[in-house]
Amino acid sequence: MYRQEQSSDLSHTRRAVLCAGIAAAGSELLSGCSGSPPSRDHHAGAPGAVPARSVPPPGGESAAPAAEQGHGRATRRLIYTATASTVDLGGGHAVRTWTYNGEVPARPVRITTGDTLEMTLNNHLPESTTVHWHGLAVRNDMDGVPNVTQRPIRSGASFTYRFRVPHPGTYWFHPHLGLQLDRGLYAPLIVEDPREPLSYDREWVVMLDDWVDGVNGASPAGVFAQLRGDKPPMGHGSEHRSGHSDGHERPPSGARPPRPVGGVDAGYGPPLAHAPGQRGSSAPPDGGDHSYRLPKSAVSRLLGGPSGHIAYPHYLVNGRTADHPAQFRARPGERIRLRIINAGAETPFRVALGGHRLTITHCDGFPVQHHTVDSLLLGMAERYDALVTVKDGVFPLTALAEGKRGAAMAVLRTGRGASPTPSVRPAELYRDVLVSARRLRPHDSVAMDRRRPDRRLKLTLTGGMQEFDWGIDHKPYSPDRILKIERGERVRLTVINATDMWHPVHLHGHTYALAGTGTLGARKDTSVVLPHRKLVFDMDADNPGLWMLHCHNVYHSESGMMTTLGYR
């Protein structure tokens with residue numbers, strides 16, 4: 001089980017803030033949004049609607065965004081360093097990659113609802129980076145989107161993120177620049193409820209990942225080149241958005257980044273042999289001597305077609321391969337809370353615990369009416385919490401790479417017995433699979449009120465696997481295109497998938513309610529939309545700023561499948 005990190009006594013002022021140039025550009029782009037918001041009180045049904053299990057809501061309207069209303073009781077100060085490291089994935093699979101503090105995944109951040117998180121990120125990478133707080137309704141200038149909400153954190157520099165944590169739940173953080181997510185830069189963010197309604201004995205954070213970086217000379221950039229050919233990236237790592245000739249910043253030859261804030265050195269190492277966008281390195285530009293493109297026969301019945309593009313050499317649970325798995329110990333009869341996070345860049349995972357059923361309690365951090373299943377399917381960036389009363393024995397927690405060959409595995413041990421082999425496939429994987437949160441109903445404490453939307457928006461996911469030209473409305477991402485709304489509105493957004501492939505769609509800065517017949521559904525920030533189907537959800541505009549909406553397949557978003565929603 002993860003160790004809980006101890007509080008730091010170090011105190012730092014914020015080193016950088018949202019630059020005036022970006023703020024001015026955002027104001028200009030949003031100039032068409034000016035006007036008075038509706039006069040109705042929109043707190044009760046907002047994405048920030050405060051459940052009975054969390055801190056009380058502020059009274060009345062406030063000029064501050066939902067993420068800044070009220071005052072936390074404490075400030076949690078942390079220092080993380082993004083650095084090149086050698087990590088052991090188990091069984092002698094040592095790879096050179098990029099990490100936070102030299103670990104994959106980095107140890108989790110734990111904080112209590114209503115408190116303030118203050119994290120200083122020291123960038124010892126050979127290029128710029130940022131941190132995105134996935135699923136949290138943070139203040140816009142803390143959202144970590146390069147050249148949209150902040151300037152990228154340059155190599156050798158530091159930046160302090162500081163925000164109040166508004167809601168309890170299971171979240172995580174990762175970069176939002178280029179293909180950095182497909183390295184080792186990620187960690188859980190667990191927001192604990194001071195009035196936790198669930199009763200359980202132990203907790204296990206389960207972080208799933210697909211891994212290619214550093215294997216036989218491969219890199220995410222090389223794999224991207226295999227998929228996209230000579231077409232340039234069109235996401236936040238692209239040349240015309242970073243303002244540098246190769247799309248990346250590098251320190252002078254032989255330079256070592258300055259000592260990090262607070263005097264803590266997490267072990268800076270030399271740059272990887274083949275950093276994204278860097279040509280002429282020692283690694284082949286095709287990502288090594290191996291093709292990682294999946295065959296066309298790699299399809300998923302549950303996802304309605306191709307499950308992905310990349311045949312990853314490794315799949316991980318908590319940074320370990322199935323042949324040397326992470327282990328969790330408990331006593332028979334104990335009740336365990338699983339917090340399952342899909343941190344993969346391109347792989348959906350079907351998860352089951354051998355010999356047990358899972359009672360789903362939360363999705364994407366927000367509580368649902370309890371629902372028991374044998375297994376569940378997580379798209380990239382989705383999170384589910386589940387309760388399970390464990391039996392006596394040794395059991396595999398298997399995460400099948402949906403539609404691909406391979407699986408990740410961890411081991412639950414409550415008694416004596418041999419460990420399961422990596423090839424084991426629990427029968428629960430093939431029974432009663434939760435594919436979509438549409439089957440779930442929100443807990444009453446977080447259910448959005450059903451009212452007529454003030455605005456309706458529609459966008460279409462476009463592109464194809466052959467050309468790898470993913471976009472929205474037949475166009476790649478451009479920072480000049482913004483879906484404009486007004487503060488206080490209830491917005492109904494329809495996302496039509498006109499492609500032959502599924503997509504996990506993520507909205508920054510808000511949670512929404514899945515829309516359908518009758519009452520509104522479960523609260524989500526990331527949802528799977530199947531091929532030639534649509535995703536419909538309602539959101540409340542209660543956290544002003546420029547917010548990304550994109551596919552969380554990082555190879556799709558970096559090809560251009562993202563856009564911006566904005567209001568002030």
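Visitor: What makes two strands a pair here?

Guide: Two strands pair if DSSP finds at least two bridges between them. The model is predicted.

Visitor: Why are β27 and β32 called a pair?

Guide: β27 and strand β32 (residues 545-551) share three bridges, in the antiparallel sense. The definition asks for at least two, so they pair. Within β32, His-550 is the bridge partner of His-506.

Visitor: What makes β27 and β30 a pair?

Guide: Four bridges link β27 to strand β30 (residues 526-529), again antiparallel. At least two are needed, therefore this is a pair. His-503 stands opposite Val-529 of β30.

Visitor: Why is β27 called mostly covered?

Guide: Buried means under 20% relative accessible area. Five of the five residues in β27 (residues 503-507) are buried, so the strand is mostly covered. Both faces are covered: His-503, Val-505 and Leu-507 lie on one side, Pro-504 and His-506 on the other.

Visitor: How do you know that β20 pairs with β15 and with β21?

Guide: Five bridges join strand β15 (residues 349-353) to β20. Seven bridges join β20 to strand β21 (residues 407-413). The cut-off is at least two, so β20 pairs with both. Both pairings are antiparallel. Val-351 has Ala-399 of β20 as its bridge partner, and Thr-398 stands opposite Met-409 in β21.

Visitor: What lies between β20 and β21 in their hairpin?

Guide: Five residues separate the two strands. Gly-403 in the turn has a positive phi of about 75°.

Visitor: What makes β20 mostly covered?

Guide: Eight of its eight residues (394-401) are buried. Val-394, Pro-396, Thr-398 and Leu-400 point one way, and Phe-395, Leu-397, Ala-399 and Ala-401 the other.

Notes:
Residues are numbered from 1 along each chain as its sequence is written. This is a predicted model: local features need pLDDT of at least 70, side-chain atom pairs count only at pLDDT 80 or more; totals for chains, interfaces and linings use all residues. Side-chain values use heavy atoms; hydrogens and water are left out. Buried means under 20% relative accessible area, exposed over 50%, partly exposed in between (1.4 Å probe, protein chains only).
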